[in-house]
Structures are given as structure tokens and as C-alpha cells.
Amino acid sequence: MGSPSYIDISVRKWERLNSLIPSEWRLHDRYIPSGMKLSPFDSVHKLDCFEGDTGSLLGVPRACGILSGKEVEITEKWDIRGLLYEIAAKRLSSEDVTLAFCKRAAIAQQLTRCLTEPLFTSALEQARHLDDYLQKTGKLYGPLHGLPVTVKDTFNIKGVDSTVGITALAFKPASQDAPLVQLLRSLGAIIIAKTNVPQTMAFLDSVNHMFGRTLNPLNRLLTPGGSSGGEGVAVVMRASMIGFGTDIGGSIRIPAMYGKLRVALKPVAGPIGRSIQDIDTVMKELVPRAEFFGHDCIPALWPSLSVPKKKLRIGVLGSDGLVNPVPVISHMLKEVSGILARSKEYDIDIVKITPPAVMKKCLITSARLMDVDGAGPLLDLLAQTEEPLMPYLRGRTVRRSPTSIDKLYALCAERDQIEIEMRKKLWSWPPPAASTSESSGNPLDAIICPIAAHPVPKHDTYGNLSFTTTFVLLDYPTGTIPVRNLTEADLKLEYSDQDKPLSKWDEQNRIFWKTDRKVYLNTPLSVQVVVPRLHDHELCQVMDMVDTALKRHYLGDSKAML
């Protein structure tokens, strides 16, 4: 008998991807990590090959010689607003900008396997069209004229595959563009590539048989997250100015800490950027126009970030009732709370809150809603090419009977009731615990909490999803802000004798701190910001204030706005 067809498809797909990287953009062998010298198939299974890959790759694009000095400047000097200004002033052409980012994306791919579909040829054609338009009319094509962006593999682009890491979907290009793609192009943005995801989008490590395992450029021993892991890597490697992923259980927020088959819990699209200002610049153009492209987008405006509330009331949620974070995460959250409370620039009232009892239901209800089809369609799709599940999914993904209509209605009703109870407990006044200040009478503006109950983990070991899935279930806008890197002092933190496990998930989470915790040294620590439903712009405002306060504390006033 011959080999399973998924192997042949994987080989052909990988060869096609490599053929789209010009020979003059190829890295010298000395720059390529040992883990990248594995085949995509071997990168799935031979995790021991990553043990020595702990150094950062962020400096390689600058050092490798593929980018000219001007191209290094184009990809590193400006934020989004500044780059768009240079293009509008004709000091930079769209073609030069696009070429620089395409080359940088090709470098990032060779270092990390972050791409699935390089779109370099079509991107450069679009850039030349934009330059001609500006030259002939004297006008910009749109407010994002010439902005290089990347999108997650899930977004359809006409003539391009959307495989979501499944071989049975390869070589079946989309017949039309996704609404987000249409919107971005109508504004003049240039999509230069699609980015890698987990097989089936069903777990938090971006790895599949066709494109292999995406590596974390800060430390290849650790996961870049998922399911928008390739997108997060592309942005941090400066392969694009901003990326777009999707999130149903943490798939944008988790890659930012280092977003399909049928489900009843709806994923949402969102940006991954290098600053709140970059996200704000793009969102103020997308949000007012989104209702004309997406049937599920509501009419909305996006006011300026520069009008913060006089007083900001932020709740601090240190646990979800199911899992207590490992000591370094709890310590970091207290540190952030103190910094915000002492902020001289902003008037911030910090409120310690306890998790509402109903919050413990969120994880289980979310899991049931995401599994209403019983995994049958997914397993049938894999069976078409005899493709095996990724190691992480084996034993976790099994065929079950689909949820009946009656049970589905009951689950939806349960979700609505959870949302009502959580709204009363989290956003009405007074909150469950007393404020740290004397003032009272106003509801919370936002909540800060962990993204995960553990630091950035090794490949295929991500733990409990309750801190991220909960807020998708509730339809609350959320975002991730980096705080600082984990230090030697953090490694010495321990659980207290009084700190007992809350659940089986809590017991499993403690393993992250009981095993070799030195692997977390110098990895990013981040917090999650949460606001009430439909308060998306307020989320960006609060994130901007929190981010600025943290930068002023850790970097000093001179670097606070970098």
C-alpha cells in the first residue's frame, strides 16, 4: 500500500510555499535555527530538536544582509500613522514599502514558519497600482493607502487556499474575498501574506502537517500560542505593520501574550499590533465602515484616544474561581495594580473583586457550545486524506453524538443567564469587594486579570483556557498588554501553605510551576483588559492609559510613549 494521501498533499503544499520565496531572499544557512531545518512533519513530532533554540531571532532581519539600509528603516522606523504620512507625502512609494515588508516576511518565514500563503506578487502589483493612482490623481486611494498587513489563514482571499491546517482543504482556493479582506483593500491596505494556525484551529499551538510548527522568535523552546500564532509572530518580527486574527477561546490574546468548523460559540476578528496607537489608527478607519461589509457588524464611531475619563475605576480579578494563577502571575497582577493606583498621570481607582460564583460555569458552557457537532465533521474531513490528529488533540478530540436541538436551546439559554448574572456582579455598583479608596457610587470601567494562569509554556503544553474563553462566551471586548519580562526574582516565588487547589484544573496548572520553571526566564508577562459588551472603543482607551502608566513605571518618562 502507498503512503496516506495527506503526506503527498503536505509535501506539495510546502514545496509550493517555498517556491514563492525568491532565491535572492534566501537566508544563509548560519542564520537558520536547527528546528527550522526539520521537515514540517518532523517539526510536529521531534520536540527535542528545539531544546537548544532559546535565543532571540529578532535581530536576524537586520543582520542577514537581505534588507537594504533603507528597507530596514522602512520596516522599523515608523509607527502606522508615521508610515502612512510618509507614503502620502510621496517620500516613500507604496512599492518600496511593500517590497521591504515582503522581504521581511520571507525572512520571518525562514526563521519561524509563520506563513501559509505568501502573496508577494499580488501585493507588489497592488502597490504599483496605488502609486499610479496617487501620481495621476494626487489623491490617496484610501486612509490606509499602502499599509502592509497580514491576515490569519482563516480569512478567505479569492484564488488562495484557506486550509486552517487541514490537508483535505488544500488546493481548493476561495472563490471570493472575506468581508474583512474587502474592507481592508477598499481602504488601500495591502495584504502581503496569510499566517499559520493549528490543525483544525482547535488548540493553542500553531502546528499542522502542511506548514509545520511555528516557532516563537523570542525562545523557540516555547509556544507562540494559537490559533493566531503565525499572525502574532509575523507582527513581532515586523513582517507587517498590523495583523488580523480571530478569537474564540483566546486565539488573539494568547499569541499577543507571547484567535472553521461548526460551533455555537461565535469567533470574532481582531487586530494584533505593536502599540495601542497602531491599533487605534487602523480601528478608527475600519469600525465606522464595517457595517457595509460584514452582516454582523453594528454601526459605530471610533472617537479619539486623547479624551480619557476624569476618573477610571478598574477592577482587579485575580482568580476565576476554577484556577488560581501560579505565584509569578499573581505577583505580577498585584504589581500592576499598585502601579496603576499610584499613577500621577491618571486618576485610577483600583477595586479588588472576587470571582462571581457563576463564573465557574463559563468554561464548561463554552466547551459544550464549541462541541455541538460532536467533532464528527472534523474527523470526517481528516479521514478524507488519512490525516492523523496533532499529538495535543489525540485523546482530546473524539467522536460524540451531536447535541440535540433541545439541548442546544438549553445551552443558549444558560449562556444568556450567565451573561445576566455576570453583568450584575461585575459591572453594577457596588462590586463584590470594597474599593481601595473612599469614593463610591460609580460602576467599574474595566477589569484587569491574567490571560493565562501560567507563563508562556513549552510547545503542546498550554493549560486551562478559562481566563480567555469566559469573555468570548460573554461577548466582552478584551485586549492584551505586555507588562515586563520574567526575572530571576520571580522564579523564587512559591505558593503559600494556605493556598489550596480549587479544582482539578488548578492542580494541573500547578505543574507549570513545580517543574523546570527556569525555562520561563526573560519571557513576557502580560495582563488582559476587559470592558463591558459593545464598549470596544473604551477598551482601547483603557488599554492606552494602562499601557502608558506601565511604560512610565518600567521605562521612565522619556520612553513612556515608545
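Reply: Two strands are taken to pair if DSSP finds at least two bridges between them. The model is predicted, and in it five strands form an open sheet in the order S9-S8-S10-S12-S11, with mixed pairing.

Me: Which strands are the edge strands of this sheet?

Reply: An edge strand pairs on one side only. Here the edges are strand S9 (347-353) and strand S11 (478-485). From one strand to the next, the twist averages 30 degrees.

Me: In which sense do S11 and S12 pair, and over how many bridges?

Reply: Strand S12 (residues 524-530) and S11 are antiparallel, with seven bridges between them. As one case, Arg484 has Leu525 of S12 as its bridge partner.

Me: Which strands of the sheet does helix H16 touch?

Reply: Packing is read from contacts, that is, heavy atoms within 4.5 Å. Helix H16 (residues 466-473) touches strand S10 (446-449), S11 and S12, and its direction makes about 20 degrees with that of S12. Helix H19 (residues 536-555) lies across strand S8 (311-317), S10, S11 and S12, and runs at about 5 degrees to S11.

Me: What is the strand order of the sheet that contains S1?

Reply: The order is S1-S3-S2-S6-S7, in an open sheet of five strands with mixed pairing. Strand S1 (115-118) and strand S7 (268-272) each have a single partner strand, so one side of each lacks a neighbour in the sheet. On average, neighbouring strands are turned by 30 degrees against each other, direction ignored.

Me: Do S2 and S6 pair in the parallel or the antiparallel sense?

Reply: S2 and strand S6 (residues 242-247) are parallel, over three bridges. Val149 has Ile242 of S6 as its bridge partner. Helix H8 packs on this sheet and touches S2, strand S3 (190-195) and S6; the direction of H8 makes about 150 degrees with that of S3.

Me: At what angle do helices H13 and H15 pack?

Reply: A helix pair is described by the angle and the separation of its axes. Helix H13 (residues 360-369) and helix H15 (residues 405-427) pack at about 150 degrees, with axes 10 Å apart, and their crossing is left-handed. Among the residues in contact are Cys362 and Leu369 of H13 and Leu411 and Ile418 of H15.

Me: Which residues does UniProt list for "active site"?

Reply: The UniProt record, an unreviewed entry, lists Lys152, Ser227 and Ser251. Ser227 lies in the loop between strand S5 (212-213) and helix H9 (229-236). The side chains of Ser227 and Lys152 make a polar contact at 2.6 Å. The peptide bond from Gly226 to Ser227 is cis, with omega near 5 degrees.

Me: Why is Ser227 classed as it is for burial?

Reply: Burial is judged by relative accessible area, with the cut-off for buried at under 20%. Ser227 has a value of 1%, so Ser227 is buried.

Me: What is the phi of Val164, and what is that of Asp475?

Reply: Val164 has a phi near 45 degrees, a positive value in a residue other than glycine. Asp475, also not a glycine, has a positive phi of about 60 degrees. Val164 lies in the loop between strand S2 (148-152) and helix H8 (179-186), and Asp475 in the loop between H16 and S11. With a relative accessible area of 8%, Val164 is buried, whereas Asp475, at 36%, counts as partly exposed.

Definitions and conventions. Residues are numbered from 1 along each chain as its sequence is written. This is a predicted model: local features need pLDDT of at least 70, side-chain atom pairs count only at pLDDT 80 or more; totals for chains, interfaces and linings use all residues. Side-chain values use heavy atoms; hydrogens and water are left out. UniProt positions are given in the numbering used here, feature names are shortened, and annotations may be inferred rather than shown by experiment. Helices (H or I, at least four residues) and strands (E, at least two) are DSSP runs, numbered from the N terminus. Buried means under 20% relative accessible area, exposed over 50%, partly exposed in between (1.4 Å probe, protein chains only). A polar contact is a pair of N or O atoms within 3.5 Å; within protein, one must be able to donate a hydrogen and the other to accept it, and residues adjacent in sequence count only if both atoms are side-chain atoms. Axes are lines fitted to C-alpha atoms, for helices over the stretch in contact, and angles run from 0 to 180 degrees between N-to-C directions. A crossing is left-handed if the near helix is turned anticlockwise from the far one by less than a right angle, and right-handed if clockwise.
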